[in-house]
Amino acid sequence: MDGDHVRELSGGVSQSGVRDHNERLILSVIHRYGAMPGIDVARRTGLSTQTASIITRKLEGDGILRRGAPNRGKVGKPSIPMELNPDGVLAFGLKIGRRSADLLLLDFAGTVRAQIHTTYPYPLPENVFRFLKDGLGEMLTQLPPALLPRICGIGIATPFELWKWHNIVGLAADKFRSWKDVDFAHEVAQFSDLPAFVVNDGTAACHAEHLYGRGREFRDYAYFFIGSFIGGGVALNGTVFEGNQGNAGALGSMRSTGPLGESQQLIDVASLHLLEARLIEAGINPQILWQTPQDWTGLARYVDPWIGETAQELAKASLSICSVIDFEAIVIDGAFPPDVRAELVERVRRYLINQDKRGLIEPRIEAGSVGENARAIGAASSPIFSQYLLNTNAGLSAY
């Protein structure tokens, strides 16, 4: 599929445009708490019943909301809840990782409609953008024409300063360093009219957990996502906080201490690239770590010590984070199977018991629920969140 065809199919972007404050407020409340009748919408938002009714009818007319099944069984006329229309808004999400990339199409309810996956030795720009272009072409041709105008953008989750963490030499190294000068919006515009939204990959994963996972349970929390390199995000006042430069929650850069007392970063002592190196040392193809679906059966000999070491570092980092903001919870997720995540969380809890917690309110240590797909889902949620939901921290990011 050529670039002109991709551009043509992508031309009907977001016909309803960016929503106003009260529309975003209502959509955010329904997104967070689920379907509800108009009277509950008014109560949750603080809007008058009449105002809430006018806005919900408008959103229904725009195809953003839809009527759910009537609530029967009570005295009087059954109430009809309003719910998000999954077909009302869609977005693409691209995750750029050290060993793999994913492109998916997400609907307004958080369901992945389609997804493709690729692996590579290193994420060189021309390969990543070719994967994006071809993937968009493939997915757009399979989408019903009526849904094309509902696509509101492409979110791209990428590590901060991607060009700094390679270990290759020669021509490939020069190509890798070219990420420093890449203008993502310009590159996407070569083959699509969809607007591009670039977000740090750790922040993207945090968005996914906040919008579609356990993040709804907490008001303020810190979030770790462990991929090839550990990253993270922070949620304040019920919204993921990205910071003035989009790099808030760069938890992988927290200071740690190496075995000889040398200064290191958390990224050096609590990332999957350490487990990858152990597999290579043992003569095992590390590709098994990045395959989809994930199956780490038979790797316990190497995974178990990695979990122990990582848990110790996360326990110390969790308390360091809480010395700045008294987060009620630390949420941990990563690009690994659910059983590995569960064991890692349990070990962090145990290590936390013996840590020096003077002057601190001990946070809950909780497992995330989105899993390996968090960064791609979070990438896709970026254009949706930016244009349709309410950012309660908007004032905190202003200069």
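1. Helix α2 is followed by G34, whose phi is positive, near 95°. The model is a predicted one. At the other end of the helix, a side-chain oxygen of D20 comes to within 3.3 Å of the backbone nitrogen of N22, at the start of α2.

2. The geometry of α2 is close to expectation: its 13 residues reach 18 Å from the first C-alpha to the last, against an expected 18 Å at 1.5 Å a residue. Residues three or four places apart in an α-helix point the same way, because there are 3.6 residues a turn.

3. Which residues of α2 are buried? They are E23, R24, L25, I26, L27, S28, V29, I30 and H31. These buried residues pack against the helices α3 (38-45), α4 (49-61), α8 and α13 (374-388), and against the strands β1 (65-67) and β2 (82-84).

4. The second largest pocket has a volume of about 310 Å³. It is lined by 16 residues, and those closest to its centre are S28, R32, G238, T239 and L390. The largest share comes from α2, with six residues. By class, the lining has seven nonpolar, seven polar and two charged residues.

5. G238, one of the residues closest to the centre of that pocket, is found in the loop between β9 (230-236) and β10 (239-241). Is G238 buried or partly exposed? G238 counts as partly exposed because its relative accessible area is 24%, and the cut-off for buried is under 20%. Neighbours within four places in sequence aside, G238 is in contact with R32, H210, R219 and T392. R32 is, like G238, among the residues closest to the pocket centre, while H210 is one of the buried residues of α8.

6. At its start, a side-chain oxygen of N200 reaches to within 2.9 Å of the backbone nitrogen of G202.

7. How many of the twelve residues of α8 are buried? Twelve of the twelve are, and the helix is mostly covered. The buried residues include the charged D201 and E209, as well as H207, H210 and Y212.

8. H207 lies in helix α8. Why does H207 count as buried? Its relative accessibility is 2%, and buried means under 20%. Not counting residues up to four places away in sequence, H207 touches V240, E242, G378, S381 and F385.

9. D220 lies in the loop between α8 and β8 (221-226). D220 is buried because its relative accessible area is 15%, under the 20% cut-off. The side chains of D220 and R219 are joined by a polar contact of 2.8 Å. R219 is also one of the residues in contact with G238. Apart from its neighbours within four places in sequence, D220 is in contact with A235, L236, N237, F327, E328 and A329.

How values were computed
Residues are numbered from 1 along each chain as its sequence is written. This is a predicted model: local features need pLDDT of at least 70, side-chain atom pairs count only at pLDDT 80 or more; totals for chains, interfaces and linings use all residues. Side-chain values use heavy atoms; hydrogens and water are left out. On a 1 Å grid over the protein atoms alone, a cavity is a set of points where a 1.4 Å probe fits but cannot get out, and a pocket is an open set with protein on both sides within 12 Å along at least five of seven lines; lining residues have an atom within 4 Å of a point. Grid points are joined across faces, edges and corners, and a volume is the space filled by probe spheres set on the points. Helices (H or I, at least four residues) and strands (E, at least two) are DSSP runs, numbered from the N terminus. Buried means under 20% relative accessible area, exposed over 50%, partly exposed in between (1.4 Å probe, protein chains only). A polar contact is a pair of N or O atoms within 3.5 Å; within protein, one must be able to donate a hydrogen and the other to accept it, and residues adjacent in sequence count only if both atoms are side-chain atoms. Contact means heavy atoms within 4.5 Å. The expected span of a helix is 1.5 Å times one less than its number of residues.
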